[in-house]
Amino acid sequence: MRTLAAEAATRFSTLVASGEEIPFDVAEDSGDSAFFYCYVPLTARFIGERTGEIRSLPAFTPACTAVSSAGVAAPYLESRGIPVPTAPNSRASLMLTTFITELWEGSAEFSLDRARLDLALAKLDADTREVDQTDVLVAPIAGLQMSVSRIDLPNGVQIIRADGVDAPIEAMRSEGMNRAAWQPQFLALVEPDATEDGPAGAIRRLHELITVMHIFKEGSVGLGPHAFFPTGDRKWRRIATDAAPVRPGFYTLTESEANRLAEFATEIGDRLDDPGLSWPLARFEMGCGRPTVFEAVSDHLLALHSVLDGAGTVDAPLSVRATELIADSTSRADVRGRFERVEMLERSLMRGQGRDGQNETSGALELARWLEEGSRSILRSAVLDELGGDVLSTVDESLIVAGLAAGEGSISEMGSTDEWDAIPAAAEIGEDF
């Protein structure tokens, strides 16, 4: 890059010396009592009309090769809002001509200012820095409202009020954040780990934070569409979070709930990565990301099927096993009936029959919300390891105990001694018996 800049300085100085002129524009500058005029050199236009000269320089091809190998052309062009070409060589070529153009923008001559070149190269390094080379990744949290200004969570993750940190303007906007402009914005901060697979690992931890929050309690919360990391000189680069839009509503934490959320995240530990729970948790999170709670019905049922279906000790349907986990002894029949109505609601929705002919006031909306809360309760117990390592076996054992206590085989169902009295005595049966 330095060699290319030196060659460009010599080439363009030669062109100007041979009679080619840098165009100028006239700009107004108002003084205290009169207007003053100054000439502004249009150096960028001069170079832009002669990019072929840059491409013909001896150092241009080696510079293109270096830029392509480093993979810095795309982020450099993106940071300036310039469309990125598909072909790698085209990207590198456009980046180099843009770099040379910016190097002398506003200058009336083409002398090579070493300090200016060093500054441009430092800016290039900052604009193309990898995420794993930065100290922190910042992402806005949509829907969150709380009275505390900071929560410290495990794995190097923090939730912090935005006005307490240096953050990009784009992360501070209220559009799409489920808040009014005067309400505080909260950010998630994550420290990239050198052992992670680049930005994907940091983004994954941000998504895990939202999953933890969804399991902890009800409410509408999620990540903003972009995360940001600093590139120096108060500049930021953004990367997509691939987060779904957040449902209308809020996710409110009191001070005590904020403290319990931190404790809850610590208690969970690595349970989110448990092979037996990762799929149902992902399905539950998918449901929480649906635009409405009705569209989440199938997701929550699939999450429960994943945890509770299978050939266990007891041949029981989902409604029976789920009831055992979330109902007390006085409400099992009601809970089982609700699960059966939820399954009917899902079939109606799958057939395109809206809400099973019901409006929100007649119970369909309440039923969908009840399912989401029931799924949350079961998964929360599972990630806290309150149900043992094998959830299915734990549930079936509970069903057996409940059946022995209240059903056939219990003491109350064994009958009186009258049935034993009805058996003939040994003398009546005969000596040969």
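Trainee: How many salt bridges does the structure hold?

Mentor: Side chains of opposite charge can pair when their charged atoms come close. The criterion is a side-chain nitrogen of Lys or Arg within 4 Å of a carboxyl oxygen of Asp or Glu. The structure holds 16 such salt bridges. This is a predicted model, in which local features need pLDDT of at least 70 and side-chain atom pairs count only at pLDDT 80 or more, while totals for chains, interfaces and linings use all residues. Residues are numbered from 1 along each chain as its sequence is written, and side-chain values use heavy atoms, with hydrogens and water left out.

Trainee: With which residue does K217 form a salt bridge?

Mentor: The partner of K217 is E257, and their closest N and O atoms are 3.4 Å apart. This pair links distant parts of the chain, 40 residues apart: K217 is in the loop between α8 and β8, and E257 is in helix α9 (residues 255-268). Helices (H or I, at least four residues) and strands (E, at least two) are DSSP runs, numbered from the N terminus.

Trainee: At what angle do the axes of α8 and α10 cross?

Mentor: Axes are lines fitted to C-alpha atoms, for helices over the stretch in contact, and angles run from 0 to 180 degrees between N-to-C directions. The axes of α8 (residues 199-216) and α10 (residues 275-288) cross at roughly 80° and come within 10 Å. Therefore α8 is roughly perpendicular to α10, a label for angles of 65 to 115 degrees; under 35 counts as roughly parallel, over 145 as roughly antiparallel and the rest as oblique.

Trainee: Which residues of the two helices meet?

Mentor: Contact means heavy atoms within 4.5 Å. From α8 come I210, T211, H214 and I215, and from α10 come L281, F284, E285 and C288. By class, this contact has five nonpolar, two polar and one charged residues. Ala, Val, Leu, Ile, Met, Phe, Trp, Tyr, Cys and Pro count as nonpolar, Asp, Glu, Lys and Arg as charged, and the others, Gly among them, as polar.

Trainee: What volume does the largest pocket have, and which residues lie nearest its centre?

Mentor: Rolling a probe the size of a water molecule over the atoms shows where empty space is left. On a 1 Å grid over the protein atoms alone, a cavity is a set of points where a 1.4 Å probe fits but cannot get out, and a pocket is an open set with protein on both sides within 12 Å along at least five of seven lines; lining residues have an atom within 4 Å of a point. Grid points are joined across faces, edges and corners, and a volume is the space filled by probe spheres set on the points. The largest pocket has a volume of about 920 Å³. Its lining has 40 residues, with H214, E285, M286, C288 and G289 nearest the centre. The elements giving two or more residues to this lining are α8, β8 (222-223), α10 and α14 (364-383).

Trainee: Where is N155, and what is its phi?

Mentor: Most residues other than glycine have a negative phi. The phi of N155 is positive, near 65°, and N155 is found in the loop between β5 (150-153) and β6 (157-161). D242 also has a positive phi, about 60°.
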